[in-house]
Amino acid sequence: MVEKDRPGGVCLNIGCIPSKALIHEASLFAGIPELEAMGLAVDRSRFDYAAVFRKSRTAADRLSRGVQGLLAKNKVELIVGTGRVAGPGRVSVDASRTLSTKNVLLATGSRSKDIPGFAVDETRVLSSTGLLMMQQLPKSILILGAGAIGVEFAYVMNAFGVEVHLVEMMPEILPTEDAEVVAVLRRELRRRGSRSRLPRRPDP
Ligand SMILES: Cc1cc2nc3c(=O)[nH]c(=O)nc-3n(C[C@H](O)[C@H](O)[C@H](O)COP(=O)(O)OP(=O)(O)OC[C@H]3O[C@@H](n4cnc5c(N)ncnc54)[C@H](O)[C@@H]3O)c2cc1C
């Protein structure tokens, strides 16, 4: 297996796993009022979002090391470098090594899309990776796109007290999901204070 970065791809390193870790932390934080209702006192003055960030990285790092361990245990050779199909049955790695093989599986993933007018600088305009790597909470955030990732980040940011504006070009958030579930989720996000901007629905 040729991999230019860490094994596990986006999902493990900068996708599913760290985002689910953030969601878990966010739901614990959002549950504080319920603890207080039971008489427990929580000192929020020592809350440090950098610690939340570190926990999400720990989860990703642990699983990535786990994948490396599994590859080694199952005798899959991990070759670190950028692979390129150099010709039939030939894959070069960083132009320093050429592998001969009968079959090649290309599993190189995808890149995030550039949106005109929103050049990602990871400072003001963040990609999902930039948001996952953020160590300080902003006061407010506008999230472009209310698909699964946008809605997950809206939930996380809102739970930690960030003012969230969610913008979606389709008539509904999570446009490919079940309408009844989406309606519940939309109500819940609104109840928690997230604002969503959707195109006007056509009159029935
Ligand atoms: C924030 C976020 C949250 C997500 N949450 C979920 C979720 O909850 N559930 C879910 O199902 N999906 C989720 N996804 C989507 C999921 O991460 C992707 O669908 C999945 O990672 C795609 O896997 P892949 O193997 O196709 O590509 P990738 O994960 O992108 O893996 C491709 C790998 O190929 C390597 N590579 C590329 N080119 C070369 C080369 N020339 N030589 C060597 N190596 C190369 C890359 O370094 C990378 O490791 C999420 C994505 C994001 C961004």
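**Model.** I am working from a predicted model.

**Aromatic pairs.** I looked for ring pairs and found four in the structure. I began with Phe29 and Phe47. Their ring centres are 4.6 Å apart, with 45° between the planes, and the pair is tilted. I then checked where the two residues sit. Phe29 belongs to helix H2 (residues 16-30), while Phe47 lies in the loop between helix H3 (32-37) and helix H4 (49-73). They are 18 residues apart.

Next I took Phe29 with Phe160. The planes stand at 50° and the centres are 5.1 Å apart, so I logged this pair as tilted. Phe160 is in the loop between helix H6 (148-159) and strand E7 (163-167), 131 residues from Phe29.

I also looked up burial. Phe29 and Phe160 are both buried. Phe47 has 32% relative accessibility, so I put it down as partly exposed. Ring pairs join Phe29, Phe47, Tyr49 and Phe160 into a cluster.

I found the ligand in the largest pocket. I noted 20 residues around the ligand, with Glu3, Lys4, Val10, Lys20 and Gly83 the closest. Strand E1 (2-3), helix H1 (9-14) and H2 each give two or more residues to this shell. H1 gives the most, with four.

I then went through backbone contacts. A polar backbone atom of Val10 is 2.8 Å from a ligand oxygen. For Cys11, a backbone N or O atom lies 3.2 Å from an oxygen of the ligand. At Gly83, a polar backbone atom is 2.8 Å from a ligand nitrogen. On its own the ligand has 1000 Å² of accessible area, and the protein covers 64% of that.

Notes
Residues numbered from 1 in each chain as written. Predicted model: local features only at pLDDT ≥ 70, side-chain atom pairs only at ≥ 80, totals over all residues. Heavy atoms only, no water. Phe/Tyr/Trp six-rings, centres within 6.5 Å; stacked < 30°, edge-to-face > 60°. Buried < 20%, exposed > 50% of the residue type's maximum accessible area, 1.4 Å probe, protein only. Near = heavy atom within 4 Å. Polar contact = N/O pair within 3.5 Å; in protein donor to acceptor, adjacent residues only side chain to side chain. Areas by Shrake-Rupley, 256 points an atom, 1.4 Å probe, with all protein chains shown as cover. 1 Å grid on protein atoms, 1.4 Å probe; cavity = no way out; pocket = protein on both sides within 12 Å on 5 of 7 lines; lining within 4 Å. Sits in = over half its atoms within 2 Å of the grid points.
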